[in-house]
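Subject: Structure for your review

Dear colleague,

Please find below the structure that I am handing over to you. My notes on what was found in it follow directly after.

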Amino acid sequence: MHIFAKNNIDILHGYLPHTILLYTIPVILTSLLNLFFHASDMLVVGRFVGHEALAAVGASATTTHCLFHLYAGLSTAINIMVAQSLGAKNQRLTSKILHTAAGASLLLGIIIAAFGLCLSKPVLTLLGTPQEVLPHATLYLRIYCLGIPGGVCYNFLAAALLGKGDTASPFIILSIAGVTNILMNLVFVIVFGMGVAGVATATALSLFFAAIMATRKLSHMNEAWKLRRHLIRIDYRLLLSIFRLGLPASVNGILFAVCNMYLQSAINTFGAMAMAGCAASSTIEGFIYVAMDGFNKASLTFSGQHYGAKIFHRLKQILKINMLYATIAGLTIGLLVVCFRHALLGLFVTAEEAIRYGSIHLSILGYTYFLCGMMNVLDGNIRGLGYSVLPTLITLVGICGFRIFWISTIFPKYHHLAVLLSAFPGSWVIILIIYAATYRLFLKHKIH
């Protein structure tokens, strides 16, 4: 694969502010391209199909995020395990982790896809999806589920690349897959008139394409632990370690997604226009999130490798640098989004009412999203040390508990979109305070 250069970053040595940026910029660009998988769906259906189709894709988004977090959390464990084993210079263990991850991804992908296919319509119905939107939303979700095995395989293998310090290869892979996805969106919708089914099919095929490229990249590495097809098998002790570290992260992501599904059911009470507007604004909001989330991944990998190599004196510095970068990124992009919110929303929807709802959404989150970035950096540092259960419990109480309380008690009394969305910054402040108070204890306990 000559399009891939040697992209390893020396995580354990050198000037941290520089190496963290070198690591994180490709991660952010990769996440931005990943967003295009969904954003191009929204843009194409919003422009060429109609607001009901846009509402259908938006109504499916919370469920697709829930399915994604189910396996993305497990990929976090692979990132941590590869980082720690390479930090400890244990190539044999790294090889076993990689081949177990490859085997597990195939099995897990098929299981998640099967559940998604069976539960698509019941879940959407449970969320109160309007009847005029439900058939399109169900169709989109079911086709999307067919691509989940590819998504699981790509995420697991990309996590191994990130764990060894290679952030450029996932960026190149998703660049190619993202462009392919957009082109297929346009062909399936405009040329063949497939509507919602077209954008879902394009996304599913792109996920498989990304998985194939990630497999080829890992098969052509120079490292002794590169992927070899005849060695792909599941080591059940390592699989248990992946679940021990990754399942709490999956639960963490699913809890977020379930809360957002609960939030989506509240948004649905405002009607199809609000659903379309909030679906568009959520897509734009995602770009703020990924700009900060790259520093969460940097925290995870840098703290994991340093912990594995027993270089403890740089762990606090890793946290401070990533916190600063995440705050700057969140504030800068958040304020730009607020300033240009009407123009950005106009790319997805044309109805004034939908733009009005989306504008409320972006105004509230754009000013406060940097708090989420700071929270995620602390979370990444804690997980990089090998803790997974405690951050999940904190999230359960601070994020899910607060948001469900807010939506169940405050929102019914003041039925306004701004009141509903205020649950986001409120929950971030709570978690940030808890993490800041407990991180030092986590670090001291782990080192001892």
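This is a predicted model: local features need pLDDT of at least 70, side-chain atom pairs count only at pLDDT 80 or more; totals for chains, interfaces and linings use all residues.

A residue is called buried here when its relative accessible area is under 20%, exposed when that value is over 50%, and partly exposed in between.

Salt bridges

These two residues are also partners: arginine 383 forms a salt bridge with aspartate 379, and their closest N and O atoms are 2.8 Å apart. Both belong to helix α12, and because they are 4 residues apart there, about one helical turn separates them. In total, the count of salt bridges comes to 4.

Aspartate 293 is joined to lysine 297, with 2.6 Å between the closest N and O atoms. The two are 4 residues apart in helix α9, so about one helical turn lies between them. Aspartate 293 counts as buried because its relative accessibility is 9%, while lysine 297, at 24%, is partly exposed.

Which parts of the chain does the salt bridge between aspartate 235 and lysine 96 link? The closest N and O atoms of this pair are 3.2 Å apart. Aspartate 235 sits in the loop between α7 (196-219) and α8 (236-268), whereas lysine 96 is in helix α3 (residues 91-126), so that distant parts of the chain, 139 residues apart, are linked. Aspartate 235 has a relative accessible area of 18% and is therefore buried; lysine 96, at 28%, is partly exposed.

What does methionine 375 touch, if neighbours within four places in sequence are left aside? The residues in contact with methionine 375 are then Phe256, Ile399, Trp428, Ile431, Leu432 and Tyr435.

As general background, nonpolar side chains in soluble globular proteins tend to be buried together.

Aromatic pairs

The whole structure holds 11 aromatic pairs. One of them consists of phenylalanine 188 and phenylalanine 192, a tilted pair with 6.5 Å from centre to centre and 45° between the planes. Phenylalanine 188 is buried, at a relative accessible area of 16%, but phenylalanine 192 counts as exposed, at 55%.

Tyrosine 289 and tyrosine 369 form another pair; their ring centres are 6.3 Å apart and their planes are at 45°, so this pair is tilted as well. The pair joins distant parts of the chain, since tyrosine 289 is in helix α9 (residues 272-308) and tyrosine 369 in helix α12, 80 residues apart. Tyrosine 289 is partly exposed, with a relative accessible area of 29%, and tyrosine 369 is buried, with one of 5%. Together with Phe424 and Trp428, Tyr289 and Tyr369 make up one aromatic cluster.

The surface

A nonpolar patch on the surface is formed by Phe48, Val49, Ile182, Leu186, Val187, Ile190, Val191, Phe192 and Met194, which together have about 780 Å² of accessible area. Which element gives the most to this nonpolar patch? It is helix α6 (residues 168-191), with 5 residues. Isoleucine 182 is found in this helix and counts as partly exposed, at 31% relative accessibility.

A buried alanine

Finally, I would draw your attention to alanine 211, which lies in helix α7. Its relative accessible area is 5%, so alanine 211 is buried. Beyond the neighbours within four places in sequence, alanine 211 is in contact with Gly150, Cys153, Tyr154 and Leu157. By contrast, the C-alpha atoms of alanine 211 and leucine 127 are 31 Å from each other, the two residues being 84 residues apart along the chain.

With kind regards

Notes
Residues are numbered from 1 along each chain as its sequence is written. Side-chain values use heavy atoms; hydrogens and water are left out. Patches are made of residues with over 30% relative accessible area and no salt bridge: like charges are joined within 9 Å, nonpolar side chains (Val, Leu, Ile, Met, Phe, Trp, Tyr) within 5 Å. Accessible areas come from the Shrake-Rupley method with a 1.4 Å probe; for residues, only the protein chains shown count as cover. A salt bridge is a side-chain nitrogen of Lys or Arg within 4 Å of a carboxyl oxygen of Asp or Glu. Buried means under 20% relative accessible area, exposed over 50%, partly exposed in between (1.4 Å probe, protein chains only). Contact means heavy atoms within 4.5 Å. Rings of Phe, Tyr and Trp (its six-membered ring) pair if their centres lie within 6.5 Å; planes under 30 degrees apart count as stacked, over 60 as edge-to-face and the rest as tilted.
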